[in-house]
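Hi everyone, thanks for coming. I'd like to walk you through a structure, so please have a look at it on the screen.

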Amino acid sequence: MTEIVLMRNFSNPDSHTLGAYRSAGGYAAWDNARRMEPAAITEEMKKSNLRGLGGAGFPTGTKWSFIPKTHTGPVYLVVNADEGEPGTFKDRYLLERDPHALIEGMLIAARAIRCTHAFVYIRGEYVEPWRRFGAAVKEAYDAGLLGRGLDIVVHRGAGAYICGEETGLLSSLEGKKGWPKIKPPFPAIKGAFGQPTIVNNVETLCCVPPIITRGAAWFAGLGTKTQGGTRMYSVSGRVKKPAVYEATVAITLRQLIEMAGGVSGTGRLKAVVPGGGSAAILTADEIDVTMDVDGLKAAGSMIGSAGVMVMDESVSIPEALMVLARFYAHESCGQCTPCRESTGWVYKMVHRIVERRGHKDDLDTILDVAKRGGGTTICAFYDGAIGPYISYIEKFRSEFEALIPHA
Amino acid sequence: MSQRQSAPTTPIAFSEAQLGEVRRLQSLYPDARGALLPVLHMAQETFGYISLEAEEYVATLFDLSPAHVHEVVTFYTLYFRERPGRHVVAICHNLSCHLAGAPGILEHAKRRLGIEAGETTPDGRVTLQAVECLCACEAAPMAQVDDRYELNLTPEKIDRLLEGLR
């Protein structure tokens, strides 16, 4: 039985209020952290093995330490609450049910990086989470937790998946279309409004208060050798109990599917997307993998945002790829040619295959374009698209071929 | 285009109180332009949609070119460039919802409303959209109806929802 860290307050119907958060021990970590040296807080994060839970899995303490020591101007903390990865819904729960955990995590992070002005970028469609979080920020101001060393601006996006990519998010925050920027310079050197900026995911920052209260060693001990803690898995698709589940990062995909009540539909597993739409698909034989960053990397996929989408034997894999290909075609920001052109064409080709109008060489064309385009674009969006293109076709090729006349 | 050329029903200008709110929003960012998206949300709530005239008006509030504002408005999906229906029904058609029967839900809504996704009913009551993941996959298939998430949809639930929209 995994210890519940992030969802510890969810069963209380008033968990979003300051009173409930405080009576559950909330803001005690901030009381400790405000007496710690900033560098000591960052050191604690490094020792905890906390890794970013938004998608990239980068070690959080290491990221914080990239802020130039000699910088004398403003430093910004930007929270990425632009949840949009297909199959992911954990940050919505945190914003609605434990907004003060995020605020407390921000207070501690801001002290570590010497930031006095922070932004929370919430996706435009999340109206209720935006209201809930905004109300919590107001409570925190009224209680004197904010406004005395840290100000938080709650910023609503306007509908664009690409703004979940950190440099696209920063462009959007600056009042522009959400076009990603070339790295380097990384945001820690030159980010929001040209200043050093740390961009962290909601869930990542919610891990920070418990690490301060209970210690880095405790948090590290919850996970694997290279990643500490528990995390929230969004489990959906063909399972009996779709929901968000908290478990150690060392859980296996098989165990997680069992937690979610097992496979629904035919009851026989065909495939699983382990880490959001952009993760390579795994077959039913590949689910004894651990759900940490390195475990899934070794399995040729990625944990990403931990959005797990389960498919039973009745699911058409070509149709599933068509749905995702439509998504990538719609959401490509259009800045880089390989992404803009390929996402559109791949969708058209997979669509015609599903409609039994595919051409004999379509599959090889898609694989060729996908393999040559990887790593050629400004951001990771296109790399995220080719994960499904390649894995769905290579692992389920006969299913695609069966739909193509004269294949 | 005809809709855009017709005279707007609301004059394109914020009230004094709204202009105060614009200045407050602009003061929250190190560069006032950071408030562009929030002010465009305000403009849409006030004027119903973001016409070319509204883009030009917002541009003057930021000392930006109308072209910059147009580029921003057209980049994001939540800004309407033509007046939408009084209610917007956005049905998710991404993977988890697809696996839970979203195509049938979308077809049902199209038949009930007599329009395609992307269209508005002739009486201006409902705009129907097919949208990408709204991140409520645990309750698929789902839709966003105006500000609310409507979960675990069935054809019957869609009927009840549509009947409730006036």
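Let me begin with a term: by a polar contact I mean a pair of N or O atoms within 3.5 Å, where, within protein, one must be able to donate a hydrogen and the other to accept it; residues adjacent in sequence count only if both atoms are side-chain atoms. Please keep in mind that this is a predicted model.

With that rule, 21 residue pairs are in polar contact across the interface of chain A and chain B, both partners being at pLDDT 80 or more. On the chain A side, the elements that each supply at least two residues touching chain B are helix 5 (90–97), strand 2, helix 7 (127–142), strand 3 (151–156), helix 8, strand 5 (230–237), strand 9 (307–312) and helix 14 (317–331). Which of them gives the most? That is helix 14 of chain A, with eight residues.

How many residues touch overall? There are 56 from chain A in contact with 34 from chain B. The size of an interface is often given as the accessible area lost when the parts come together. Here the area buried between chain A and chain B is about 3,600 Å², and carbon and sulfur atoms give 61% of that. Within chain A, the residues that lose the most area to chain B are E125(A), A158(A) and K177(A), together 16% of what that side buries. We also count three salt bridges between chain A and chain B. One of them joins the side chains of R92(A) and E138(B), at 2.7 Å from N to O.

Next, some backbone geometry. Most residues other than glycine have a negative phi, and most peptide bonds are trans. In the loop between strand 2 and strand 3 of chain B we find P141(B), joined to A140(B) by a cis peptide bond with omega about -5°. Chain A has a cis bond between P184(A) and P185(A), with omega about 0°; P185(A) sits in the loop between helix 8 (166–173) and strand 4 (197–201).

For positive phi, take N49(A), near 60°, in the loop between helix 3 (38–48) and helix 4 (60–64) of chain A. N49(A) is partly exposed, at 24% relative accessible area. R114(A) also has a positive phi, about 60°, in the loop between helix 6 (99–113) and strand 2 (117–122) of chain A, and R114(A) is exposed at 62% relative accessibility.

Finally, the cysteines: how many disulfides are there over all chains? The search finds zero. For C163(A), the nearest cysteine sulfur is that of C333(A), 9.2 Å away, and C163(A) is buried at 0% relative accessibility.

Conventions:
Residues are numbered from 1 along each chain as its sequence is written. Chains are lettered from A and ligands numbered from 1 in the order in which they are written. This is a predicted model: local features need pLDDT of at least 70, side-chain atom pairs count only at pLDDT 80 or more; totals for chains, interfaces and linings use all residues. Side-chain values use heavy atoms; hydrogens and water are left out. Helices (H or I, at least four residues) and strands (E, at least two) are DSSP runs, numbered from the N terminus. Buried means under 20% relative accessible area, exposed over 50%, partly exposed in between (1.4 Å probe, protein chains only). A disulfide is a pair of cysteine sulfur atoms within 2.5 Å. Contact means heavy atoms within 4.5 Å. Buried area is the accessible area (1.4 Å probe) that two parts lose on being put together, summed over both. A salt bridge is a side-chain nitrogen of Lys or Arg within 4 Å of a carboxyl oxygen of Asp or Glu.
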